[in-house]
Amino acid sequence: MSSTTGTTTVITNIATLVTNDPSLGDRSPLGLIQDAAVVIEGDRIAWTGDSREAPATDNRVDAGGRAVIPGFVDSHSHLVFAGDRTQEFNARMSGRGYTAGGIRTTVAATRAASDEDLERNLTRYLHEALRQGTTTFETKSGYGLTVRDEARALRIAAAHTDEVTYLGAHIVSPDYADDPAAYVALVTGEMLDACAPYARWVDVFCEKGAFDGDQARAILTAGKAKGLHPRVHANQLSYGPGVQLAVELDAASADHCTHLTDADVDALANGRTVATLLPGAEFSTRAEWPDARRLLDAGVTVALSTDCNPGSSFTSSVPFCIALAVRDMGMTPDEAVWSATAGGAAALRREDIGHLTVGARADLTLLDAPSHVHLAYRPGVPLVTGVWRRGVREV
């Protein structure tokens, strides 16, 4: 095989290759190819197929009878912050419930941190996630809640990912506790103007104790007018308007989706908005699990992500979330792996990631197991033994 765009590498002797292309292999949604090989050329996938038919390449990697899957796409995280909330977690596990107000603790620590401290913390968790197979991640602001602190959070994040989300509307800033309308005006005005150049997305926590439906609509609509596309923290702690608003505004994703009416499920099934489920949050708060089975059976596109944040889901491990989704949310192992890869890509409206087909970005994860099913079958075991991102092996 001649190379015109970059060095070629074949990974051969793959026991199970997850392509996420139903036209390949066993014709399932995962497009499973047994005894497979995949060729990387430059930063792209150049070929997939039977290991015995793999073309000649510059380099060769023997997978040793292990599985290869697309790199995980973590489409919901909050990684620009300082401090932690160990004491809050400890108290909650001793009987006190989670409320949105806990965010204020992280806001104070984040405002007090230097740019260098925030970036050091961000890169620490990015490396942690990469070692566990995550090759694409979205991350948000939301722990500054001032014009300066929100803009610097997004500037720091944008140096590390294209998937940056403006979340000035995480909670009403403590500085505006007595005047939420003035804070909404700030979020849709001066703060948005300062933050939009660094972001692709606009998000809002539409929830009791945060922002109601009218406030959320105003914030998302203002973001759209600045060229940012909506995402919504929706229906996490209670029933509410978040999911319906997300579908109405063609948000890429409605995230959490724990408390859903039949109308909410129907709206998701009949729109383009992905339901992003975040089981780490339910695990860490002892809350009710989202019903993934209900969504999947209705034909909703489902993503799985970590919601990595210091308050309610302090995990960067997509494999952990896959295991939770299979054990407690009614997903099959195949569905959970699809949702953590192709589903995450759909939640970011990306077609170049989340699958291993010709032309896709060469983001792959090698598991120390013969099948992707082991991600749920062997929970808590560090199965990721190799990670390629943009064609370069980084783990």
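**Labels and their grounds**

Modeller: The second largest cavity is lined by D74, S77, L79, Y125, A129, F137, T306, C308 and S316. This is a predicted model, in which local features need pLDDT of at least 70, side-chain atom pairs count only at pLDDT 80 or more, and totals for chains, interfaces and linings use all residues. Residues are numbered from 1 along each chain as its sequence is written, and side-chain values use heavy atoms, with hydrogens and water left out.

Colleague: What makes these residues the lining of the second largest cavity?

Modeller: Lining residues have an atom within 4 Å of a cavity point, a cavity being a set of points on a 1 Å grid over the protein atoms alone where a 1.4 Å probe fits but cannot get out. The residues named meet that criterion, so they form the lining. Five are nonpolar, three polar and one charged.

Colleague: Why is the link between the side chains of H355 and T357 called a polar contact?

Modeller: The term requires a pair of N or O atoms within 3.5 Å, one able to donate a hydrogen and the other to accept it; residues adjacent in sequence count only if both atoms are side-chain atoms. The value for H355 and T357 is 2.6 Å, so the pair falls within the 3.5 Å limit.

Colleague: Which residues does H355 contact, leaving aside neighbours within four places in sequence?

Modeller: H355 is in contact (heavy atoms within 4.5 Å) with T19, N20, P70, A360 and R361. H355 itself lies in the loop between α13 (333-347) and β15 (364-367); helices (H or I, at least four residues) and strands (E, at least two) are DSSP runs, numbered from the N terminus.

Note on methods. On a 1 Å grid over the protein atoms alone, a cavity is a set of points where a 1.4 Å probe fits but cannot get out, and a pocket is an open set with protein on both sides within 12 Å along at least five of seven lines; lining residues have an atom within 4 Å of a point. Ala, Val, Leu, Ile, Met, Phe, Trp, Tyr, Cys and Pro count as nonpolar, Asp, Glu, Lys and Arg as charged, and the others, Gly among them, as polar.
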